[in-house]
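This report is for a reader new to the structure. Please look over the sequence and the model shown here before reading on.

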Amino acid sequence: RAHPQEAGVQAEGCAVLGNACYGTDAAGRARKQRAAAAGAIEAVVVAMQAHPQAAGLQEHGCGALTNVCSGDDAAGRARSQRAADAGAIEAIVAALQAHPQVEAVQDMGCWALTHVCSGSGAAARARRQRAVTARAPEAATAA
């Protein structure tokens, strides 16, 4: 957050966050929770919104959201909801739309949408509807 105007710094921060939050074991789940508690989800979304034309940042931002939001337990669902509330769905769709020829953005963007919109119940259905409203199906189909 110290260098929000520097797309390269933001991209590297997102890459580090994505790597740190990889894993489904207890330690991985704890890292995801710690990152979310520190405001990482919101920081990633803000960075993606601030630098929409920086393909590397969009790729790493989507990767970070993928890993932070993965998990089908209550904590994972809460992180997905937190991401949606922060504007992650719209930021991911914007990344897909802005970089249709960048395979890594398309790949990570689709994975990020999968994790942010996953789950069952009313909240997950609302996230999926929000993705449809943001034109996620069109963006993903173009990938």
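## A lysine in helix α2

Lys32 belongs to helix α2, which covers residues 26-37. The model is a predicted one. Is Lys32 buried or exposed? Lys32 is buried, and Lys32 has no salt bridge. The nearest side chain of opposite charge belongs to Asp25, 7.8 Å away. A salt bridge would require a side-chain nitrogen of Lys or Arg within 4 Å of a carboxyl oxygen of Asp or Glu.

Leaving aside residues up to four places away in sequence, Lys32 is in contact with Cys21, Tyr22, Gly23, Asn67, Val68, Ser70 and Arg79.

## The buried side of helix α6

Helix α6 runs over residues 88-98. Which residues of this helix are buried? They are Ala88, Ile89, Ala91, Ile92, Val93, Ala95 and Leu96. These buried residues pack against α3, α4, α5, α7 (103-116), α8 and α9.

## A proline between α3 and α4

Pro52 sits in the loop that joins α3 (40-50) to α4 (55-69). With a relative accessibility of 38%, Pro52 is classed as partly exposed, because that class lies between under 20% for buried and over 50% for exposed.

Pro52 touches Gln58, Ala98 and His99, when residues up to four places away in sequence are not counted. Pro52 and Ala94 are separated by 42 residues in sequence, while their C-alpha atoms are 7.5 Å apart in space.

## The pair α5 and α8

Two packed helices are described by the angle between their axes and the distance between the axes. For α5 (residues 74-86) and α8, the angle is about 35° and the axes are 11 Å apart. The crossing of these two helices is left-handed.

Which residues of α5 and α8 meet? On α5 they are Arg77, Ser80, Gln81, Ala84 and Asp85, and on α8 they are Ala123, Arg127 and Arg130. By type, the residues of this contact comprise four charged, two polar and two nonpolar.

Arg135 is located in the loop between α8 (122-133) and α9 (136-142). Its relative accessible area of 47% makes Arg135 partly exposed.

What is the phi of Arg135? The value is positive, about 75°, although Arg135 is not a glycine. Most residues other than glycine have a negative phi.

Terms used. Residues numbered from 1 in each chain as written. Predicted model: local features only at pLDDT ≥ 70, side-chain atom pairs only at ≥ 80, totals over all residues. Heavy atoms only, no water. Helix = DSSP H or I, 4+ residues; strand = E, 2+ residues; numbered from the N terminus. Buried < 20%, exposed > 50% of the residue type's maximum accessible area, 1.4 Å probe, protein only. Axes fitted to C-alpha atoms, helices over the stretch in contact; angles between N-to-C directions. Left-handed = near helix turned anticlockwise from the far one by under 90°. Contact = heavy atoms within 4.5 Å. Nonpolar A, V, L, I, M, F, W, Y, C, P; charged D, E, K, R; others polar. Lys, Arg positive; Asp, Glu negative; His and termini not counted.
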